[in-house]
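This briefing covers the fold, the surface and the disulfide links of one protein. Please consult the sequence and the model alongside the points that follow.

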Amino acid sequence: MRIRTLALAAASGAALLAAGVLPANASGPSGTAAPRSAQEGSVSAADLLAKVKSCQQISNGKYRTDEETSATVPVCGKNGAVFWKADMDIDCDGQRTANCNEDRDPWYQDDTRFHQSDGKPLKAESLPYVVVPSSSGIWNYADSGIKGGGVVAVVYGNKVEYAVVGDTGPDKIIGEASYATAKALGIDPDPETGGADSGVTYILFKDAKASPIESHSAAVTLGDKLARQFLAAN
């Protein structure tokens, strides 16, 4: 997991403006981001978001979204799930691929906290996964029934992408997902300049695990089932 700073984000934004272009996750003339792929599963983004309008905080404090921001993001509890609303930084860690490597990502690491069924690190470029904060006094994800391979509904705009819990990051920062997750949601997946500044909701289903962890289709099938259960229970 990388720790992006406000200075880097500002510099990247200035460079894009100077070049006369906007990042892929920027709002268009209508004020909404243009989606680039179809929604996964049968549960709509609107239905999921309607269930997470209020927060019953379960974390012992709040998280920052980046190193230089203040702590404003709580982890919230619901029946069968926990959730948070944050930004999305891009995680390109794990197996080296064309877009996830030392040349493309200044923060690249060749490992992930959780591994494929063959023991290899996950592949951020092709596998949608989410990063959870490392366990700390603020929150211990395992105590909430969250585990490696756990299924997550990631909601951005009017889109739902199912992912797995694939990596851990700094214990005071929240809001990060893999290259593949961002790309599927129409967010610029560039590990250095991409991501979304806000508007991303992460719903992590308790005591659930996609098997094998590297099977996105398994995550989608289980995620859709759990999402329907989540709507019924809340």
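Is the link of C55 and C76 left-handed or right-handed? The link of C55 and C76 is left-handed, with -100 degrees about the S-S bond. The model discussed here is predicted.

**Disulfide C55–C76**
- The S to S distance between C55 and C76 is 2.0 Å.
- This pair links distant parts of the chain, 21 residues apart: C55 lies in the loop between α2 (45–50) and β1 (76–78), whereas C76 belongs to strand β1.
- C55 is partly exposed, at 39% relative accessibility, while C76 is buried because its relative accessible area of 3% falls under the 20% limit.

**Disulfide C92–C100**
- C92 is joined to C100, also by a disulfide, with an S to S distance of 2.0 Å.
- The torsion about the S-S bond of C92 and C100 is about -60 degrees, so this disulfide is left-handed.
- C92 is buried at 0% relative accessibility, and C100 is likewise buried at 0%.

**Disulfide pattern**
- With the bonded cysteines numbered in sequence order, the pairing reads 1-2, 3-4.

**Fold**
- The protein contains 4 helices and 7 strands, arranged along the sequence as α-α-β-β-β-β-β-β-α-β-α.
- Among contacts with a separation of 6 or more, 76% come from residues 24 or more positions apart.

**Burial and surface**
- The protein has 234 residues, of which 51% count as buried.
- Its accessible surface comes to about 10,000 Å², and 49% of this belongs to carbon and sulfur atoms.

Definitions and conventions. Residues are numbered from 1 along each chain as its sequence is written. This is a predicted model: local features need pLDDT of at least 70, side-chain atom pairs count only at pLDDT 80 or more; totals for chains, interfaces and linings use all residues. Side-chain values use heavy atoms; hydrogens and water are left out. Helices (H or I, at least four residues) and strands (E, at least two) are DSSP runs, numbered from the N terminus. Buried means under 20% relative accessible area, exposed over 50%, partly exposed in between (1.4 Å probe, protein chains only). Contact means heavy atoms within 4.5 Å. Accessible areas come from the Shrake-Rupley method with a 1.4 Å probe; for residues, only the protein chains shown count as cover. A disulfide is a pair of cysteine sulfur atoms within 2.5 Å.
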